[in-house]
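Me: I am new to this structure and would like to go through it in short steps. Could you begin with the terms required for the charged surface?

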Amino acid sequence: MEYILGVIILILALVIWSYLTKKKHFKEIDRLEAWKNEIMTSPVLEELSKVKQLNMTGETEVMFERWRSEWDAIITVHMPDVEELFFDAEEYVDKFRLRRSKEVQQKVSVKLKEIEATIQKILAELDDLVGSEEKNRVEIEEIKEKYRYLKKSLLAHRHTYGNAADRLEALLDEVTGILQQYETATENGNYLNARELVLLIKDKLASVEHKMEMIPDLMAEGLVSLPNQLAELKDGYLDMVNQGYPLEHLQFDKEIFQLEQELEHYKAQIDVAETEEVAKGIQDLNESVNVLYDLLEKEVLSRQYVLENKVKINEQIQILEYENDKQKAETVIVQHSYHLNENELEGQRKLEKHIQSLSKRFRLLSLKIAENASSNSVLGEEMQEIADKIQHLKDEQVIFTGKLQALRKDEMEARETLQELRRKMSETARIISKSNIPGLPEDYKAYLREAKESLADVEDKLEEKPLDMASVQIFLEKTVASVGELLEKTETLIEKMYLAEKVIQYGNRYRSKYPSVAEALRSAEEKFRDYEYEEALNTAATAIDKVEPGSLKRMNADLEHISS
């Protein structure tokens, strides 16, 4: 029974699988059928009918026949072949030859792609041909109107174009010839060729219009403005030469001759309406003229600068030399009292050499100015460099003088600091005396000795000749730290002494009741008499805290309140 049930289930599974598989293949065949029908609805015949409205001659006739032949082949040959393949594919599916059906479906897909590509190519070429005819028909009227306008404008304003008018007229005549070619191509049905001619005419007319717009401005620049500027340059150059300006370095005559030659070339190019080259050339000429103007102006401004600053810079150099002599004398004086390292002394020597070198350089420059043998621009640049160098050396002098003054200032500040440290030491002695402290522990005495020795070291260093402020500063920093630490130790010492005394007095109430407290207090008193105040405080406080927990905290609070 189970065997029979298994067979039935297997048969049902095979039936269902067969049904689904065949359905899948038929669905793909249906998709290909829909694709084929969509291809067949392409408006090829409608588009071909539009071509019949054109002149059916020349390339139009040839292309029409080719399109119709390709369409007929699709209808009569390719599509019937596709139909047969569809029939085969369905038959193979019915016979369950699925692999074979799939191969046929692939062939159908390939053929439909080829047919679709052919149709798209036909439609694109049709659109190009018909569109070209429509565009030509619309644009040719605009072109003719533009041609008439340019022709009329050239005739009406011929004088504004000078010799270039003949060239412009010849270019318009070329357009007339191309228009005739267009008419012939259209009559012969060569619409694509006619489209190329339309685009060519548009480019030529645009070029002629552009030339007609530019030529009057180019003539104004090339025939009037630039020649006038060159004449002004030559007059200005001669005037400056007569005034004694050395201008040989500019090679002015050579530059002017070159510009005049270029200008003549561009004038000739204007006559043949080569506007692009002329526009670029005139722009370059203007830039070259401006450069020459700038060079001449620079010579004038440089001479003005040289004449205005010669005396002033001479005075500044004299001031530099005077300040240097004063600084040298001051350095010698400072050396007697202070130690100057070799780098500082070498810096002063270098500064003096630079001043001497700059002075010599200025004397040579003054000689050149007197001889008038060098260009003013070169002299002006050199004078500006000297002026900059003067300012730099002034700054260096200020820095070095500041270092000398800083040594004296540092000494005064060190002596003031030393005086303040002495005052603090006196204050420490006063505090100790006022506190009625029984005696001083050994470690505190060591701090006191160290502070006194540090003070003595600083005093000795300040009395040395020459004075080495670097060493003074090192000893002074050490002394500041020692005295500061001594002050802290003094305050702590007195506080501990006072607290230890108060705690021992407080603990006396427990002497008779607690032997351990009595023993601890005796030990604390011995340490107090030996000036070990901190140890005495710790010993007494620990013993009392054992018999009265928390008492130490209360005493600390009370004592802090009292001490504050």
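Reply: Patches are made of residues with over 30% relative accessible area and no salt bridge, where like charges are joined within 9 Å and nonpolar side chains (Val, Leu, Ile, Met, Phe, Trp, Tyr) within 5 Å. Lys and Arg count as positive and Asp and Glu as negative, while His and the chain ends are not counted. The place of a charge is taken as NZ of Lys, CZ of Arg, CG of Asp or CD of Glu. Accessible areas come from the Shrake-Rupley method with a 1.4 Å probe, and for residues only the protein chains shown count as cover. A salt bridge is a side-chain nitrogen of Lys or Arg within 4 Å of a carboxyl oxygen of Asp or Glu.

Me: What kind of model is this?
Reply: This is a predicted model, in which local features need pLDDT of at least 70 and side-chain atom pairs count only at pLDDT 80 or more, while totals for chains, interfaces and linings use all residues. Residues are numbered from 1 along each chain as its sequence is written, and side-chain values use heavy atoms, with hydrogens and water left out.

Me: Which residues form the negative surface patch?
Reply: The patch consists of Glu450, Glu453, Asp457, Asp460, Glu485, Glu488, Glu491 and Glu495. At least two of its residues come from each of helix 11 and helix 12 (469–507); aspartate 460, for instance, is in helix 11. Helices (H or I, at least four residues) and strands (E, at least two) are DSSP runs, numbered from the N terminus.

Me: How many salt bridges does a search of the whole structure find?
Reply: The search finds 19 salt bridges. One of them joins the side chains of lysine 204 and glutamate 174 at 3.5 Å, N to O. That pair links distant parts of the chain, with lysine 204 in helix 6 (residues 191–242) and glutamate 174 in helix 5 (residues 164–187), 30 residues apart.

Me: Where do glutamate 381 and lysine 298 lie?
Reply: The side chains of glutamate 381 and lysine 298 meet in a salt bridge of 3.0 Å, N to O. Glutamate 381 is in helix 10 and lysine 298 in helix 8, so the pair ties together parts that are 83 residues apart in sequence. Glutamate 381 is partly exposed at 42% relative accessible area, and lysine 298 is partly exposed at 38%. Buried means under 20% relative accessible area, exposed over 50%, and partly exposed in between (1.4 Å probe, protein chains only). Elsewhere, salt bridges that share partners join Lys151, Arg158, Asp166, Glu169 and Asp173 into one network.

Me: What about lysine 267 and glutamate 264?
Reply: Their side chains meet in a salt bridge of 3.3 Å, N to O. The two are 3 residues apart in helix 7, and therefore separated by about one helical turn.

Me: A change of topic: is alanine 273 buried or exposed?
Reply: Alanine 273 is buried, because its relative accessibility is 1%. Alanine 273 is in the loop between helix 7 (252–271) and helix 8 (275–337), and has a positive phi of about 60 degrees although it is not a glycine. Most residues other than glycine have a negative phi. Asparagine 436 also has a positive phi, of about 55 degrees, but counts as exposed at 64% relative accessibility. Asparagine 436 is in the loop between helix 10 (376–434) and helix 11 (442–463).
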